[in-house]
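Thanks for coming. I have one structure to go through today, so let me put it on the screen.

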Amino acid sequence: MNKLSVALAAAVLFALPSVASANPAAGKAVYAANCEACHGPDGTAVLPGAPNFSKGERLEKADKVLATTVQNGLNAMPAWKGMLNDQEIANALAYIRTLKR
């Protein structure tokens, strides 16, 4: 990774809203519209290999790490950069954290 890539990644990480200040109720709508098809309505993964949020899978990661994953995609998950804004991502992550049983 070159210096420019590192600088851009750092700038994105520090620009993201905090999930602590996010709105889980608004995140539920974002999740339903964009995440539910693969991660299930209650966080129980539907797509093989998708994290099971109801079991807390991947939720040990920091909010900014998860937000970067949402923006850039990972494995079968598409990148949502340009489709979801930073606040929508933060809201969705706040909601996803409520799914752990």
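This is a predicted model: local features need pLDDT of at least 70, side-chain atom pairs count only at pLDDT 80 or more; totals for chains, interfaces and linings use all residues.

Start with helix α2, which covers residues 24-34. Which of its residues are buried? They are Gly 27, Val 30 and Tyr 31. These residues span an arc of only 100° around the axis, so they sit on the same side of α2. On the face turned away from that buried side you find Ala 25, Ala 29 and Ala 33, which are exposed.

What does the buried side pack against? The buried residues of α2 pack against α3, residues 36-39, and against α5, residues 86-96.

Look also at how α2 begins. Asn 23 caps the N-terminal end of the helix. A side-chain oxygen of Asn 23 lies 2.9 Å from the backbone nitrogen of Ala 25.

Now the core. The largest nonpolar core has 16 residues. Those that touch the most other members are Tyr 31, Phe 53, Ile 89, Leu 93 and Ile 96. The largest share comes from α5, with five residues.

Last, the charged pairs. Side chains of opposite charge can pair when their charged atoms come close. Here the count comes to two salt bridges.

One of them joins Asp 42 and Arg 101, with the closest N and O atoms 2.7 Å apart. Asp 42 is in the loop between α3 and α4, while Arg 101 is in the segment after α5, so this pair links distant parts of the chain, 59 residues apart. How accessible are the two partners? Asp 42 is partly exposed, at 36% relative accessibility. Arg 101 has a relative accessible area of 66% and is exposed, because the cut-off for that is over 50%.

The other salt bridge is between Asp 63 and Arg 97, at 2.9 Å from N to O. Asp 63 lies in helix α4 and Arg 97 in the segment after α5, so the pair ties together parts that are 34 residues apart in sequence. Both partners are partly exposed: Asp 63 has a relative accessible area of 25%, and Arg 97 has one of 29%.

That is what I have; I can turn the model if anyone wants another view.

Conventions: Residues are numbered from 1 along each chain as its sequence is written. Side-chain values use heavy atoms; hydrogens and water are left out. Buried means under 20% relative accessible area, exposed over 50%, partly exposed in between (1.4 Å probe, protein chains only). Helices (H or I, at least four residues) and strands (E, at least two) are DSSP runs, numbered from the N terminus. The arc is that of the directions from the helix axis to the C-beta atoms. Contact means heavy atoms within 4.5 Å. A polar contact is a pair of N or O atoms within 3.5 Å; within protein, one must be able to donate a hydrogen and the other to accept it, and residues adjacent in sequence count only if both atoms are side-chain atoms. A salt bridge is a side-chain nitrogen of Lys or Arg within 4 Å of a carboxyl oxygen of Asp or Glu. A nonpolar core is a set of buried Ala, Val, Leu, Ile, Met, Phe, Trp, Tyr and Cys residues joined through side-chain atoms within 4.5 Å.
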